[in-house]
Amino acid sequence: MTDAPWTLAGVRLESRLLLGTARYPSPQVLADAVAASGTQVLTVGLRRLQPAEGGGNAFWQRIQALGCHVLPNTAGCHSVQEAVTLAEMAREIFGTAWIKLEVIGDDYTLQPDPFGTVEAAQRLVRSGFQVFAYTTDDLVVARRLHDAGVAAIMPWAAPIGTGRGPLNPYALQTLRERLPDAVLVVDAGLGRPSHAAAVMELGFDAVLLNTAVAEAGDPVRMARAFAEATRAGRLGFEATPMAMRQTAQASTPTVGQPFWHAN
């Protein structure tokens with residue numbers, strides 16, 4: 001079974017799983033994991049990769065050979081100007097207007113700077129970028145980003161690399177309910193396939209992850225597991241889950257049964 005097509009920044013996709021490219025044991029494991037996941041979008045950190053230089057160029061060629069859409073990111077940036085400058089470099093080097101915007105406000109939690117992120121997003125959108133904005137699960141910040149015209153809002157489930165899963169499902173659900181027309185992609189903090197299924201059941205459009213696959217004991221099998229969990233969560237959302245109840249309700253009817261015990 002394949003995923004139903006959807007559109008991300010004007011590009012028609014089938015997979016709703018986006019993958020990062022860092023921390024894999026080897027380039028071959030990365031390639032095998034990408035194939036197993038069925039992903040069509042890979043994110044690449046420009047600070048970690050300089051295509052015009054030696055080893056970076058070889059890695060870039062391997063990424064190109066995987067045949068996926070490349071989403072450069074501004075990971076490691078701590079100011080608006082730094083992020084904007086890196087985005088402009090990425091557009092020139094990678095030949096794409098896509099950019100995953102990250103403006104970090106705290107080195108310990110890697111929590112994004114909400115003020116810097118909104119300002120940088122506004123500047124980049126005006127410059128013709130398709131901005132994928134990494135943020136927290138704060139509704140007001142997400143609305144500001146939506147108003148700025150970003151292509152996707154990418155709230156975290158938990159701090160980057162923690163693998164703790166959705167710490168505040170209520171906040172994520174609120175984002176989906178209050179921003180019904182926005183493209184929402186959970187980015188960061190997912191550690192297990194069940195985490196991906198849980199956020200997809202809330203109605204998110206996709207998930208992006210890296211460490212959970214790259215640092216798994218078997219990255220290839222984990223990539224496949226996340227792909228299946230992402231698909232299952234989306235199908236569950238589209239199927240409209242049953243309403244939760246406060247009391248038990250028998251699934252088998254009692255009418256017509258030959259015996260009935262009051263106790």
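These are my notes from a look through this structure, which is a predicted model.

**Cysteines.** I started with the sulfurs. How many disulfides does the structure hold? I found 0. A disulfide is a covalent bond between the sulfur atoms of two cysteines. I also looked up how two of the cysteines sit. Cys-68 has a relative accessible area of 16%, so I put it down as buried, the cut-off being under 20%. Cys-77 is at 0% and therefore counts as buried too.

**Helix α3.** Next I picked the helix that runs over residues 80-94. I wanted to see if its length made sense. With 15 residues at 1.5 Å a residue, α3 should span 21 Å, and its end C-alpha atoms are 21 Å apart, so the two values agree. Then I asked myself which residues in α3 are buried. My list reads Val-80, Ala-83, Val-84, Leu-86, Ala-87, Ala-90 and Phe-94. Why do they fall on the same side of α3? Because they cover an arc of only 165 degrees around the axis. I also checked what follows the helix: Gly-95 does, and its phi is positive, near 65 degrees.

**Aromatic rings.** I went looking for ring pairs and my count came to 1. Trp-98 and Phe-132 make up the pair, with 5.1 Å from centre to centre. The planes are 50 degrees apart, and I noted the pair as tilted. It links distant parts of the chain, since Trp-98 belongs to strand β6 (residues 98-101) and Phe-132 to strand β7 (residues 130-135), 34 residues apart. Are the two partners buried or exposed? Trp-98 has 7% relative accessibility, so it counts as buried. Phe-132 is buried as well, because its value is 0%.

**Charges over rings.** Two spots went into the notebook here. Arg-91 places its charged end over the ring of Phe-129, 3.9 Å from the ring's centre. I found Lys-100 over the face of Tyr-134, with 5.7 Å to the ring centre.

**Arg-234.** My last stop was an arginine in helix α9, which covers residues 219-238. Is Arg-234 buried or exposed? Its relative accessible area is 15%, so I wrote it down as buried. What does Arg-234 contact, once I leave aside its neighbours within four places in sequence? I listed Arg-16, Met-200, Gly-203, Phe-204 and Asp-205.

Methods: Residues are numbered from 1 along each chain as its sequence is written. This is a predicted model: local features need pLDDT of at least 70, side-chain atom pairs count only at pLDDT 80 or more; totals for chains, interfaces and linings use all residues. Side-chain values use heavy atoms; hydrogens and water are left out. A disulfide is a pair of cysteine sulfur atoms within 2.5 Å. Buried means under 20% relative accessible area, exposed over 50%, partly exposed in between (1.4 Å probe, protein chains only). Helices (H or I, at least four residues) and strands (E, at least two) are DSSP runs, numbered from the N terminus. Contact means heavy atoms within 4.5 Å. The expected span of a helix is 1.5 Å times one less than its number of residues. The arc is that of the directions from the helix axis to the C-beta atoms. Rings of Phe, Tyr and Trp (its six-membered ring) pair if their centres lie within 6.5 Å; planes under 30 degrees apart count as stacked, over 60 as edge-to-face and the rest as tilted. A charge sits over a ring if NZ of Lys or CZ of Arg is within 6 Å of the ring centre and within 35 degrees of the ring normal.
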